[in-house]
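Dear colleague,

I am handing over the structure below, followed by an account of what was found in it. Please read the notes beside the model.

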Amino acid sequence: SDHMENIYGYLMKYTNLVTGWQYRFFVLNNDAGLLEYFVNEQSRHLKPRGTLQLAGAVISPSDEDSHTFTVNAASGEQYKLRATDAKERQHWVSRLQICAQHHTEAIGKNNPPLKSRSFSLASQGSANSPGVQRRPSQNAISFFNVGHHRLPTGKRVPIMQPDHLVDVREMMSQAEGQQRDLIRSIECLPASGHLTSLDQDLLMLKATSMATMNCLNDCFHILQLQHASQQKGSLPAGTTISWLEPKISLANHFKNGAAQNFPAEINKPASVREEQSIAEPCQLTREPEEINPDEELEDIFDDKEDDLGAVEEQRSVILHLLSQLKLGMDLTRVVLPTFILEKRSLLEMYADFMSHPDLFIAITSGSSAEERMIRFVEYYLTSFHEGRKGAIAKKPYNPIIGETFHCSWRMPKSDVATDVATNSSAHSPSEQGTLPKDPEGQAELDYYTVKFVAEQVSHHPPVSGFYAECVERKMCVNAHVWTKSKFLGMSIGVTMVGEGVLHLLEHGEEYTFSLPCAYARSILTVPWVELGGKVNINCAKTGYSASINFHTKPFYGGKLHRVTGEVKQNMTNTVVCRVQGEWNSVLEFTYSNGETKYVDLTKLSVTRKRVRPLEKQGPFESRRLWQHVTESLRDGDVDKATEHKRALEERQRNEERLRAETETPWCTKYFLKDGDGWVYHKPLWKTVSAAQTQQTDSN
């Protein structure tokens, strides 16, 4: 076949953080199933600088760009390569995949031993250096000193007896001991020299060995369940065989060469003891608190998340974490390292999606149902850019149950134009200061106020409720979101399960909407955020709907952060507006009359939210609750931030345990359960309806 011909050429190979990318001459030997590389074409007659067995290998285009791809050998060795363009990458990827599949199938038929890589801690060179020792490694059976006996052909496998399970457990204990010795040997290596404890290949060996032991423990658990079912004849009612949580703790692997264990009570700062001693939330007042917007001040903090230093320095921690995860694992209960956290709670992140209150207020000013739907779509698409703090993928704090966040925005009425396209001027702090009113408060104010409140209403599953309203314009939005996060290999996916409803009370219209999925890509290099999925916006009364697609970048070609959508009238199936562009850059709106409007999100004005000072906030308001974690992260003290974070999480676990023991249900403060969703306890549509009823009665 033409596809099985040998190919060769120059590719860039990633060596390490210090050396970076280097041009190397690669040769695909289809007959031998090898990918070899040399310093240059002239040295092809010499011994290859490196060789990978392609049998069992996985070749994957990277989501970083259209030129990069990786070759992951069955031995655990990886080449990260870069072609000159997307077409050349596709050529190499296709040929490598065909070769790998051919030799993998051949092994399945003939079952010859695979050569794989072996690490020698005594060698004085990294795996990328010419001096590295490569030899056929022992197979797993001989490495763990487990006896192996091949059953005669045609004989049935006997049912495993209890003593056999004891033998397996003993063998696994020995393997775990050897794995711990391996980790200890790596961590005892010097911090500098040719071979160090931070060598990328040794870190990968640590991670894969830990993942292997976790997998073996899971398999042993399944064997135990199967044995129990054989003893009873069938599985007990309600029993499920599923993957377990990670068995090996990260506690002793936070830093190479030095285990990091926080003492229980010794040397804890007073702030940590305070965090642990806050009373049980249900013992505090759960009565809703009316927040006075006049007590709120313009926010002065601007925590951009563009610092990559910590991520690069803590790469070993990320590898340790990845070693305990499995594809598809729910990350809800996984405690992530502190250095990847944003300096804000998830509840505050939802508030930051409201950073263009002028566009929000302008929705209800639309002269027709069609215009109001288009304005809502414009506002919706402009909200995600400011909701993300910078281009780096960092994670907000997981809110603890009962946590709340309050803020508001003041928008000068003169800046809320009928035509939102003209609203591109920046607002100075002086324009948004407190405006005077008479003592009786009867004078008409020169600004609109948008109030926002969010509450974490559930811990497992993690559900947040948030509500915003502009009383003057008789509009409000209510939403609940359940964040489901999963491990996807080299990325993490977060699904936003839930629904939001925008109420325009002047028009009697309700707009239901959903939220896209979010992905943290390239978590081992430079993590970045991508949105993906299809969302729908519907207004049952007017018959208008919108369909919006957030496109994830394909492996071959394509653009980042692309979004497309259309607004249509369902009765006539007529498209009245189309949109395309990037959700964090420029959006293009094309209307049915042929007009086109461009919105540059990087130049769109942002109104700072107003928040009460910390001393006036309650103990469970986000900024006061997380203040010590945030201050430590601002100071760059990750260890101290971790200690404060652990104290909050431990307190939440203790409170949850106490509620379970006393069978005390959790009582929310601002949101009430309504079917499968959550609704604000005092929504504007109820207030307006009650006022109208009262006025009717008085007349």
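This is a predicted model: local features need pLDDT of at least 70, side-chain atom pairs count only at pLDDT 80 or more; totals for chains, interfaces and linings use all residues.

How many disulfides does the count come to, if a disulfide is a pair of cysteine sulfur atoms within 2.5 Å? By this rule the count comes to zero.

Residues are numbered from 1 along each chain as its sequence is written, and side-chain values use heavy atoms, with hydrogens and water left out.

**Overall content**

The protein has 14 helices and 26 strands, these being DSSP runs numbered from the N terminus (helices H or I, at least four residues; strands E, at least two). Of its 699 residues, 47% count as buried. With contact meaning heavy atoms within 4.5 Å, residues 24 or more positions apart account for 62% of the contacts in the protein with a separation of 6 or more.

**The seven-stranded sheet**

Seven strands make up an open sheet, ordered β4-β3-β2-β1-β7-β6-β5, with antiparallel pairing; two strands are taken to pair if DSSP finds at least two bridges between them. The edges are held by β4 (50–53) and β5 (58–61), each of which has a single partner strand, so one side of each is left without a neighbour in the sheet. From one strand to the next, the twist averages 35 degrees, where axes are lines fitted to C-alpha atoms (for helices over the stretch in contact) and angles run from 0 to 180 degrees between N-to-C directions.

Ser 60 stands opposite Thr 70 in β6, and Ser 60 belongs, with Val 58, to the uncovered face of β5, whereas Ile 59 and Pro 61 form the covered one. On its other pairing, β6 (residues 68–72) meets β7 (residues 78–82) over five antiparallel bridges, and here the bridge partner of Thr 70 is Lys 80 in β7.

**Aromatic pairs and charges over rings**

The structure holds 20 aromatic pairs, counted where rings of Phe, Tyr and Trp (its six-membered ring) have centres within 6.5 Å, with planes under 30 degrees apart called stacked, over 60 edge-to-face and the rest tilted. One of these pairs is Phe 26 with Tyr 79, whose ring centres are 6.3 Å apart and whose planes stand at 70 degrees, so the pair is edge-to-face. This pair links distant parts of the chain, since Phe 26 is in strand β2 (residues 21–29) and Tyr 79 in strand β7, 53 residues apart; both residues are buried.

Tyr 380 and Phe 384 form another pair, with centres 5.2 Å apart and planes at 80 degrees, so this one is edge-to-face too. Both lie in helix α10 (residues 369–387), four residues apart, or about one turn of the helix. Tyr 380 is buried at a relative accessible area of 5%, and Phe 384 is buried at 5%.

A charge is taken to sit over a ring if NZ of Lys or CZ of Arg is within 6 Å of the ring centre and within 35 degrees of the ring normal. The charged end of Arg 44 sits over the ring of Tyr 8, 4.9 Å from its centre, and that of Lys 597 sits over the ring of Phe 589, 5.8 Å from its centre.

**A covered helix and a loop residue**

Helix α12 (residues 627–634) is mostly covered, with six of its eight residues buried, among them His 628, Val 629 and Leu 633. Gly 636, whose phi is positive, near 80 degrees, follows α12. Asn 292, in the loop between α5 (270–277) and β8 (297–298), counts as partly exposed at 34% relative accessibility. Asn 292 and Arg 612 are 320 residues apart in sequence, yet 9.1 Å apart in space, C-alpha to C-alpha.

With best regards

Terms used. Buried means under 20% relative accessible area, exposed over 50%, partly exposed in between (1.4 Å probe, protein chains only). A disulfide is a pair of cysteine sulfur atoms within 2.5 Å.
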